[in-house]
Amino acid sequence: MGKFHSYIASAATLISSYNAGKPFSLQAREFFSSDRKYGSRDRKAISSLCYAYFRLGKAYKDLPVEERICYGLFLSEYKPNELLHFFHPNLDEQYALELYEKMNLLAITFDDVFPYTDFLSQQLDAHLYITSFFRQPKLFIRTRPGRKQAVTEKLDRATISYTCIGDDCLELENNVSADKVLSLNKEAVIQDASSQHVLDFLLEMPAIVQAEKKVTAWDCCAASGGKSILLYDRLKGNVQLTVSDIRENILANLRSRLSQAGININRCFRANLSESSGLQQAEKFNIIVCDVPCTGSGTWSRTPEQLCFFDMEKIGYYKTLQQQVVSHVVPHLQTGGLFFYITCSVFCEENEQIVSFMLNRFPFLQLMKSGYLPGYEMAADTMFVAVFRKKDEPVQQG
């Protein structure tokens, strides 16, 4: 059918024009905006073909784009696919096979898809992690305090299916437009399931959560502000919040989002933390949340284009950047305060090795807890969290 040839050709054109490093979703939006001939169904179909291509990771890099798309479809689909049946009916007939059986049929291995297992943290299951690349992630929302009933009632009225996970996490299908049903940020926050748990250690520190005075906190790599809202909710609003990021446009969006959430910001400023903190030396905080720039390898089921174009040199680049950031930020932690080091990476060099670096660099830090949130078990992101406490510093003898 001409439609299938057209879809494959459009997907190949979009892939060839992709600027690696940029979110593919933005590239696709610009591509479709430049040519109004594509209807919503066309856009969805072509985008899914591109993601099928990316999900192959490093496997079959020398194959023509059209073949990689078909192989990616075969590995990630578990129902009959008209386009795959048109080009490869023999593969489409095997749609119900398990992933490892499909990979055997195509003569590829997990290492072909992800040839970096030697750099993966030993705390993670490599096969489950790599398997997640071929699985569409879920959409997760966190209901804000006291809003769960209102949120679920709205979803019920809109006949949107959801699953409750824990007290305030809801799992939805990825294609749900939650913003058309809910007052986002005010009632609920779109936030990955793993990300919702990065500050759970606060639940073990009642003295901070129940402090009489406002807790001073700095979200130093604030990005879109999801963790700032989470921190505000975990501390029941008893927080004096400072936020920073390197990108001014991100800060503008952050201010708008926190305003929607009903959160006042004590201070918002731009800072390049690889060069300096941007703060006065004496400025200290009870809590610092440091969600550092990283490879993003824990999100590759959601952004498989990053895996497809990944270069090993990026691990060393981010490791150096992370060391620079924490070196400028840690000195602003108050005695007795908590420092949250967070990444969405699966690589040991960005996580366990940075923890060792911090403990060696700052002997006054005490590691309270560290580990991974293996989101690949539930179609979510995989994240790493290490929590440090600043011990009392010895008094210098005169």
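## A tour of salt bridges, a sheet and a helix

Start by selecting K227, a buried residue with a relative accessible area of 13%. Buried here means under 20% relative accessible area, exposed means over 50%, and partly exposed lies in between (1.4 Å probe, protein chains only). The model is predicted: local features need pLDDT of at least 70, side-chain atom pairs count only at pLDDT 80 or more, and totals for chains, interfaces and linings use all residues. Residues are numbered from 1 along each chain as its sequence is written, and side-chain values use heavy atoms, with hydrogens and water left out.

**Salt bridges**

K227 sits in helix α12 (residues 226-234) and D291 in strand β8 (residues 285-291), so the pair links distant parts of the chain, 64 residues apart. Helices (H or I, at least four residues) and strands (E, at least two) are DSSP runs, numbered from the N terminus. D291 also counts as buried, at 18% relative accessibility.

A salt bridge is a side-chain nitrogen of Lys or Arg within 4 Å of a carboxyl oxygen of Asp or Glu. How many salt bridges are there by this rule? The count is 10.

Next, select K369 and E204, whose side chains meet in a salt bridge at 2.8 Å, N to O. K369 belongs to strand β10 (residues 365-373), while E204 lies in the loop between β4 (188-190) and α11 (206-209), 165 residues apart. Are these two buried or partly exposed? K369 is partly exposed at 44%, and E204 is partly exposed at 45%.

Then go to E283 and R267, another salt bridge, with closest N and O atoms 3.2 Å apart. R267 is in strand β7 (267-270) and E283 in the loop between β7 and β8, 16 residues apart. E283 is partly exposed at 23% relative accessibility, and R267 is partly exposed at 32%.

One further stop is R142, R144 and D233, which are linked in a network of salt bridges.

**The sheet**

Now show the strands. An open sheet with mixed pairing is formed by 7 strands in the order β7-β6-β5-β8-β9-β11-β10. β7 and β10 are at the edges; each has a single partner strand, so one side of each has no neighbour in the sheet. Strands pair if DSSP finds at least two bridges between them. On average, neighbouring strands are turned by 15° against each other, direction ignored.

Zoom in on β5 (residues 215-219) and β6 (residues 239-245), which pair in the parallel sense over 5 bridges. There A217 stands opposite L241 in β6.

Contact means heavy atoms within 4.5 Å; axes are lines fitted to C-alpha atoms, for helices over the stretch in contact, and angles run from 0 to 180 degrees between N-to-C directions.

**Helix α16**

Finish on α16 (residues 352-361) and select E352, I354, V355 and M358, which are buried. Viewed down the axis of α16, its buried residues fall within an arc of 160°, so they line one face of the helix. The arc is that of the directions from the helix axis to the C-beta atoms. What covers these buried residues? The cover includes α15 (313-329), β9 (333-343), β10 and β11 (383-390).
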